[in-house]
Amino acid sequence: MVIQKEKKSCGQVVEEWKEFVWNPRTHQFMGRTGTSWAFILLFYLVFYGFLTAMFTLTMWVMLQTVSEHTPKYQDRLATPGLMIRPKTENLDVIVNISDAESWEQHVQKLNKFLEPYNDSIQAQKNDVCRPGRYYEQPDNGVLNYPKRACQFNRTQLGNCSGIGDPTHYGYSTGQPCVFIKMNRVINFYAGANQSMNVTCVGKRDEDAENLGHFVMFPANGNIDLMYFPYYGKKFHVNYTQPLVAVKFLNVTPNVEVNVECRINAANIATDDERDKFAGRVAFKLRINKT
């Protein structure tokens with residue numbers, strides 16, 4: 001025989017719910033007395049307090065092993081790469097001589113990029129160093145901070161310095177300057193105590209023909225040892241990377257030219273096909289004339 005439960009009215013359900021929330025007879029709130037709720041809150045307070053303390057202690061111990069100035073692991077960047085300025089999307093330097101807007105953006109980027117290289121700023125912040133040797137600044141047991149940097153003056157870039165240049169780095173006349181810089185690697189002794197320089201070529205035979213002649217500043221694309229080693233952003237506060245400027249004199253107009261520049265240094269490999277930027281950079285150059 002099936003016994004049917006008595007159907008409760010809406011008022012009874014509401015009254016039961018009110019009694020569950022607060023029972024005036026037993027003084028229970030949501031089924032628990034004040035003492036029970038106090039023990040539960042105390043448990044979670046102790047539990048989460050312990051987790052917080054353990055996490056804080058773990059972070060503190062880890063931070064004791066990390067230097068504020070030098071990354072703990074640098075194995076992902078054993079070989080410095082090269083990059084060009086002006087920085088463009090897909091590394092394409094396209095200039096339309098008759099359209100000033102096509103090259104004004106490059107000029108503005110270069111003005112901003114080269115501002116820290118102004119001779120007056122370099123003389124104020126950096127040292128005149130002896131060429132041909134590394135500018136080492138060891139700590140010798142005492143923190144040597146900040147490290148001094150060697151001057152790289154904008155005037156060293158010759159016709160690509162942009163100083164008093166009505167041709168705007170050559171972009172208004174179809175003889176543009178492209179700047180090559182080597183990415184920074186902390187405590188890396190580039191060149192292995194031997195001279196090094198940057199060279200540029202057309203990637204294919206037709207590119208070499210269309211590339212034409214060019215000049216480099218400093219002469220022969222030399223990079224001096226005195227700008228190394230680099231000690232890191234926090235140590236080397238005023239460090240300015242050495243640059244090589246390439247001024248292309250007679251690129252075949254209206255033709256896309258593939259250019260590759262490499263750093264020639266004893267301890268920098270440039271033939272790793274897995275890394276297209278290791279010690280080299282490839283970019284496209286096009287000078288449009290109408």
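Which residue in S9 is the bridge partner of Phe217? In S9, Phe217 has Ala245 as its bridge partner. The model is predicted, so local features need pLDDT of at least 70 and side-chain atom pairs count only at pLDDT 80 or more, while totals for chains, interfaces and linings use all residues. Residues are numbered from 1 along each chain as its sequence is written, and side-chain values use heavy atoms, with hydrogens and water left out. Helices (H or I, at least four residues) and strands (E, at least two) are DSSP runs, numbered from the N terminus.

- S9 pairs with strand S5 (residues 177-182) in the antiparallel sense over 5 bridges; two strands pair if DSSP finds at least two bridges between them.
- Across from Lys247 in S9 stands Cys177.
- Strand S7 (residues 214-217) is also joined to S9, by 4 bridges, and the two run antiparallel.

**The open sheet**

- An open sheet of 5 strands has the order S4-S11-S10-S6-S8, with mixed pairing.
- Its edge strands are S4 (92-96) and S8 (222-223), each of which pairs on one side only.
- Inside this order, strand S10 (residues 257-264) and strand S11 (residues 280-288) run antiparallel and are joined by 6 bridges.
- Val257 has Leu285 in S11 as its bridge partner.

**His106 in helix H3**

- His106 sits in helix H3 (residues 100-114).
- With a relative accessible area of 4%, His106 is buried.
- Leaving aside residues up to four places away in sequence, His106 touches Pro86, Thr88, Ile94 and Tyr171, where contact means heavy atoms within 4.5 Å.

**The annotated segment and Leu42**

- An unreviewed UniProt entry places the feature "transmembrane region" at residues 37-63; UniProt positions are given in the numbering used here, feature names are shortened, and annotations may be inferred rather than shown by experiment.
- In the model, residues 37-63 are 100% helix and 0% strand, with the end C-alpha atoms 39 Å apart.
- Leu42 belongs to helix H2 (residues 34-64) and is partly exposed, at a relative accessible area of 47%.
- From Leu42 to Ala266 there are 224 residues in sequence and 66 Å in space, C-alpha to C-alpha.

Notes
Buried means under 20% relative accessible area, exposed over 50%, partly exposed in between (1.4 Å probe, protein chains only).
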